[in-house]
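This report describes one protein chain, from the whole chain down to a few side chains. Please keep the structure in view while reading.

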Amino acid sequence: MKTKKILASMLFIGLCLVSQAQSTKTQSKPESDPDNLAKEYFSQIMGVAVSATTNTKLYQFVYEWLGTPYRLGGDSKRGIDCSKFSLELYDKVFNTTLGYNSRNQYSQIKTVKKDELKAGDLVFFKIRSKSITHVGVYIGDNKFAHASSSKGVMISNLGEAYWRRYYYDGGRLPDDNKSLTADILNAENSGKFN
């Protein structure tokens, strides 16, 4: 895991140096935006079009968790399950609290058609069950990040036969839910609910 972070840092620094060298050579070009460099980097790593990488914080979070082993009930980089992964992602990236399991998380969303999914939306699956058993976070270009029980945190494609077969629904939290959650968290932090 440390090697991956070191390699990512070296690649990112290299991209910055190349970009700066190019902008020094041709003063007529505007300086590169670090956010654009990060978007290009995550686009290449995750196989998502640059135009789809709208939330750099989301892609950085996913990248940092890639390869984390699966552990039912786990909630750390030593092991995590699918619902805890989406819960942690929403907490750190969107400052929003989700339910503790995939069915609970599904009850919080407003459903969205598959072809209208946006980066950060939740995708739900019924794998060999009549109820929701798996959740992931859509990252664009038909791909989603999730904690797979066989391979840990990874990126998969909704177009793959397995995921097409078990796909149930997708959706996003309503805007009022995000602000309500933020209000509750602020009240808890200020001690109003103690």
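## The chain as a whole

The model is predicted. Its chain has 194 residues, of which 42% count as buried. Seven helices and eight strands are found in the chain.

Of the contacts between residues at least 6 apart in sequence, 51% join residues at least 24 apart. The chain exposes about 11,200 Å², and carbon and sulfur atoms supply 51% of that area.

## Helix α6

Helix α6 covers residues 161-166 and includes R165. R165 has a relative accessible area of 65%, so this residue is exposed, the cut-off being over 50%. The C-alpha atom of R165 is 9.0 Å from that of F125, although the two residues are 40 apart along the chain.

Y162 and Y166 are four residues apart in helix α6, which means that about one helical turn separates them. Y162 is partly exposed, with a relative accessible area of 35%. Y166 counts as buried because its relative accessibility is 8%, under the 20% cut-off.

## Aromatic rings

A pair of aromatic rings is described by two values, the distance of the centres and the angle of the planes. The count of aromatic pairs is twelve. In one of them, the ring centres of Y162 and Y166 are 5.0 Å apart and the planes are at 65 degrees; the pair is edge-to-face because this angle is over 60 degrees.

Y162 and Y166 also belong to one aromatic cluster with F125, F144, W163 and Y167. K114 lies over the face of Y167, at 4.4 Å from the ring centre.

Notes:
Residues numbered from 1 in each chain as written. Predicted model: local features only at pLDDT ≥ 70, side-chain atom pairs only at ≥ 80, totals over all residues. Heavy atoms only, no water. Helix = DSSP H or I, 4+ residues; strand = E, 2+ residues; numbered from the N terminus. Buried < 20%, exposed > 50% of the residue type's maximum accessible area, 1.4 Å probe, protein only. Contact = heavy atoms within 4.5 Å. Areas by Shrake-Rupley, 256 points an atom, 1.4 Å probe, with all protein chains shown as cover. Phe/Tyr/Trp six-rings, centres within 6.5 Å; stacked < 30°, edge-to-face > 60°. Lys NZ or Arg CZ within 6 Å of the ring centre and 35° of its normal.
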